[in-house]
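I set out to record what I looked up in this structure, entry by entry.

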Amino acid sequence: MRKNYSYLALGALVLASCVNDDTTLDMKGMFSNNGEPVNVRFAQSKAYNDSVGEIHLNMGADAYTIYMCTDSHITRKTHKNLDYFMAQYKAASSPKLALHLGDIIDAQKNIPCADSIVHYAGQTKKDTLFLTPGNHDVYFKQWPILRSFFKTSAYWFDTNNGTKKLDLFICLDSADGTLGTEQMKWLKDLLAAKSKEGYRRIIVFTHTHLWKLDDSQGHTSNYALEEMYEITSLLSQYGVECVWSGHQHARQSVIYKGVHYLVLDATKDSEKGQSYVTVDMGETINYHYFNYPPVE
Amino acid sequence: MKKNLLLLVLTLCPLWLMAAGNPGFGERGYRLTTMVEYSYNPVWSHHANLDVQALIPINPHFEMEGKVQLSTADVYTGAVQIRPKFEVPVGEIFLEADMMYRCVSRNETSDMTAALAIGYRMDYISVTIGSFSRILDDWNRDWHTDESYVVEPFNLMYRLEVFCRPQTNPWNLSFLFSNVDDYQMERMWQPLFGVRAYYDVVDHWQLNFGAQCKPTGMFHLDASFYGATLRAGFTYKF
């Protein structure tokens with residue numbers, strides 16, 4: 001009987017640690033897909049991409065600025081850092097574009113609360129803010145809600161100066177901790193084709209980061225080892241210059257196989273010392289980190 | 001910290017209770033094991049592996065193990081393990097030091113891991129916990145650039161195996177939960193689930209079977225099936 005109490009206490013402890021102020025976590029997700037798996041999301045995304053055609057952004061110049069943030073984890077109560085980021089982005093002088101590297105929301109049904117971004121998704125051709133989904137955005141069967149706003153989770157777009165191509169951006173859906181078979185094949189084919197088109201640089205952005213360099217990432221998981229070996233090799237083979245990601249809420253910079261892997265700080269209101277990044281895209285790339293003002 | 005201690009006590013107490021009254025372990029002799037595996041994952045697709053393992057007991061308190069795996073996925077792995085062990089009134093405590101080198105030839109990558117762990121086993125259960133470090137390196141690294149190898153200095157290593165019969169029984173069936181196996185050391189949030197069985201056919205020969213499943217995204221709370229391995233082979237006990 002005592003043994004049963006011990007197990008009960010242990011179970012209660014684990015479950016209690018999984019409840020936040022917005023909702024309860026559905027622990028079934030630890031053992032099965034809690035919605036559409038990545039292959040299904042990719043198929044739907046590809047169908048959307050094919051239906052709307054390619055996105056080519058005319059920046060009007062060789063140099064432009066990218067505003068980049070990740071892991072805003074907005075709740076129904078607070079999204080001040082994300083609003084601040086969007087205000088900075090909108091106030092900046094052109095040419096510019098913005099990237100959000102996933103985990104826009106913290107838990108279920110918060111996507112519509114991100115009203116500063118939901119109506120401006122670049123992949124829907126409404127604006128120049130491009131988003132990639134994180135695990136928090138898709139688990140608990142949220143993909144249909146996310147899809148209703150952002151339409152696609154894996155896509156590419158490029159920039160030009162009006163006369164010639166500049167940079168290629170590839171967005172990958174890594175919200176399940178894997179790219180899945182179909183997306184991996186698409187990535188290979190895309191890189192094989194696009195690497196011959198004379199882009200100034202190729203950049204990949206996605207949510208899940210590749211390395212576990214320290215303990216800052218808490219319980220966030222990475223890709224399986226087999227996939228990590230393959231992705232790093234593939235990106236290097238086709239001359240990808242940078243991979244930008246989030247997920248671990250702490251900045252990290254690694255150059256491996258000639259590719260620069262940059263992980264950003266989070267934009268979450270409740271975390272201290274977080275930042276967003278602006279990237280000067282010209283003949284060289286320069287990164288600038290900006291801390292968010294303290295959240296009251 | 002207090003919460004962690006409470007968890008440790010809650011976990012260990014039932015183990016001691018389960019062990020009460022069970023006999024100790026016999027001394028293991030030299031063993032040579034050969035296994036063939038069928039394996040699948042989305043990146044390496046369907047592939048086969050050949051495993052060879054040798055267990056070398058140096059004395060009653062110290063044993064060594066050497067392991068080699070050759071894979072048709074163009075990945076080759078070698079590992080050495082040393083294991084000091086001490087019998088306690090109930091069960092056995094052991095230390096493990098592991099060195100594993102994975103030559104990922106298909107991606108021209110070296111994956112080197114070193115682990116240190118402590119374990120405790122009784123008739124029906126075996127628990128190991130420790131940490132390991134990883135160094136990933138590119139075969140073609142340019143020494144004249146900022147390019148570098150990648151060091152993952154700390155990873156938690158854990159392994160829990162529950163047996164249906166006492167471990168000295170001529171046959172057994174066990175269930176495993178771990179982030180490492182004989183030929184890979186996954187990150188701590190990437191667990192592996194396995195089942196193993198053995199049967200002592202005659203004095204020196206033992207049949208071995210096993211299966212392993214690797215999900216991905218468990219701690220993204222959006223788990224999906226990633227890979228599986230089926231293995232069969234035999235052990236010759238000298």
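I took helices (H or I, at least four residues) and strands (E, at least two) as DSSP runs, numbered from the N terminus. On that basis I counted seven helices and twelve strands in chain A.

I noted that this is a predicted model, in which local features need pLDDT of at least 70, side-chain atom pairs count only at pLDDT 80 or more, and totals for chains, interfaces and linings use all residues. Residues are numbered from 1 along each chain as its sequence is written, while chains are lettered from A and ligands numbered from 1 in the order in which they are written.

Entry: chain A overall. I called a residue buried if 20 or more other C-beta atoms lie within 10 Å of its own, exposed if 12 or fewer, and partly exposed in between, with C-beta atoms placed from the backbone. Of the 296 residues in chain A, 48% are buried. Of the chain A contacts between residues at least 6 apart in sequence, 72% join residues at least 24 apart.

Entry: H2(A) and H6(A). I looked up helix H2 (residues 38-52) and helix H6 (residues 180-194) of chain A, whose axes come within 6 Å and cross at roughly 50°. Axes are lines fitted to C-alpha atoms, for helices over the stretch in contact, and angles run from 0 to 180 degrees between N-to-C directions. H2(A) and H6(A) are therefore oblique to each other; angles under 35 degrees count as roughly parallel, over 145 as roughly antiparallel, 65 to 115 as roughly perpendicular and the rest as oblique. H2(A) contributes A:Val38, A:Asn39, A:Phe42 and A:Ala43 to the contact, and H6(A) contributes A:Gly180, A:Thr181, A:Glu182 and A:Gln183.

Entry: H7(A). Just after H7(A), A:Gly239 takes a positive phi of about 75°.

Entry: the interface. I found 36 residues of chain B in contact with 42 residues of chain A.

Entry: B:Asp74. I located B:Asp74 in the loop between strand S3 (62-71) and strand S4 (75-87) of chain B. B:Asp74 counts as partly exposed because it has 13 C-beta neighbours inside 10 Å. Leaving aside neighbours within four places in sequence, B:Asp74 is in contact with B:Ser105 and B:Arg106.

Notes. Contact = placed C-beta atoms within 7 Å.
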